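Thanks for making time this morning. I would like to walk through one model with you, beginning with the ligand and then turning to a pair of helices.

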Amino acid sequence: MTDVPVLQVDDLNTSFLLTAGEVKALRDVSLTVHRGEILGLVGESGSGKSITGFSINGLLSPPGQVMSGSIRLHGDEITGLGSEQMRRLRGNRIAMVFQDPMMTLNPVLKIGHQMRDALRAHMRIGDREVRARSLAALHEVGIPSPEDRLLAYPHQLSGGMRQRVAVAIALLHEPDLVIADEPTTALDVTIQGQILSLVQRLCRDRGTALIWITHDLAVVAGIADRIAVMYAGRIVEEGTVDDVLDRPAHPYTRGLIDSVPSRGQRGRRLQQIPGRMPALTDLPEGCSFRPRCPRAADACAQPQPMRDLGARRVRCCRPLTEALA
Ligand SMILES: Nc1ncnc2c1ncn2[C@@H]1O[C@H](COP(=O)(O)OP(=O)(O)OP(=O)(O)O)[C@@H](O)[C@H]1O
Ligand SMILES: [Mg+2]
């Protein structure tokens, strides 16, 4: 049974049902994350990364709705669970870390109070054990003098310390899956690095599956085992970090990589992908990236299924790994 993935998402379709019509935010999203594995989910703003996270953890609210597809946690289907059942999973088996730690923390409650609530939401334990577990959790995320911090309000901590507290709360119940949505974007580079390696270490040590959402390729290169690249609501490429970043197959992935400054390219002009991501209500037929793609041809106007190319998957009929005829 060890090879049952912690998370398996198949052909997930999520829409916003607006009076003006349906906005298809996710189309046929499929993902697998195994125990102890870190999946980087990347793509430009509006590509559907956060909506993927919200669809999985049941935090999507109307007019957003999962329309079809399957989400399995250790093989158990969780689409269609009621809000009470999802609440029981959240914080317990699936936890979230958000860009803004104040999405997790309540500004008017002391840290100790919030940790007690988070613990008691899923276990019946006495005050002494609450205190012991809270202190251990704060200690584990590298918070100095945790006894004092229990008595502090969130605003008395720095941004980096607040994010550490949010991480401590997310990991309190040793969840199977953590979804981290740009948790370091708002922090300085050094603090970013600290939080990154902290979460990576904690998840590796405990075998927690982690989805790290970011638009920063340097971050995923440093933390992830595998990368899934999203474009206009679809996953367009997915594979190991080395395959995807060193030998991208999808022209969009290549474009993303080329638009990031790197030392090796010093002095060279950065290549920006021409044009912009189309509105979800106005996608071209076939490949959504076609209007911006240097390799586009007539065949790209056909629907592009996900293709297996060795260990990776790519939604492109003219991948960079194959010479053009
Ligand atoms: N409340 C909403 N109503 C209608 N459409 C929405 C709503 N929320 C999101 N969307 C659509 O879903 C798309 C994906 O949004 P999402 O927040 O997942 O993007 P993202 O990849 O996380 O972007 P970012 O990097 O900016 O966080 C958006 O481009 C938008 O078109
Ligand atoms: Mg987002």
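By a polar contact I mean a pair of N or O atoms within 3.5 Å; within protein, one must be able to donate a hydrogen and the other to accept it, and residues adjacent in sequence count only if both atoms are side-chain atoms. This is a predicted model, in which local features need pLDDT of at least 70 and side-chain atom pairs count only at pLDDT 80 or more, while totals for chains, interfaces and linings use all residues. Residues are numbered from 1 along each chain as its sequence is written, chains are lettered from A and ligands numbered from 1 in the order in which they are written, and side-chain values use heavy atoms, with hydrogens and water left out.

Let me start with ligand 1. A backbone N or O atom of Ile51 sits 2.8 Å from an oxygen atom of the ligand, a polar backbone atom of Gly46 is likewise 2.8 Å from a ligand oxygen, and for the side chain of Ser50 the N or O atom is 2.9 Å from one. Around ligand 1 there are 13 residues, the closest being Ser45, Gly46, Lys49, Ser50 and Ile51, where surrounding means having a heavy atom within 4 Å.

Now the helices, which are DSSP runs of H or I with at least four residues, numbered from the N terminus. H1 (49-57) is one of the elements supplying at least two residues of that shell, and H1 gives the most, with 3 residues.
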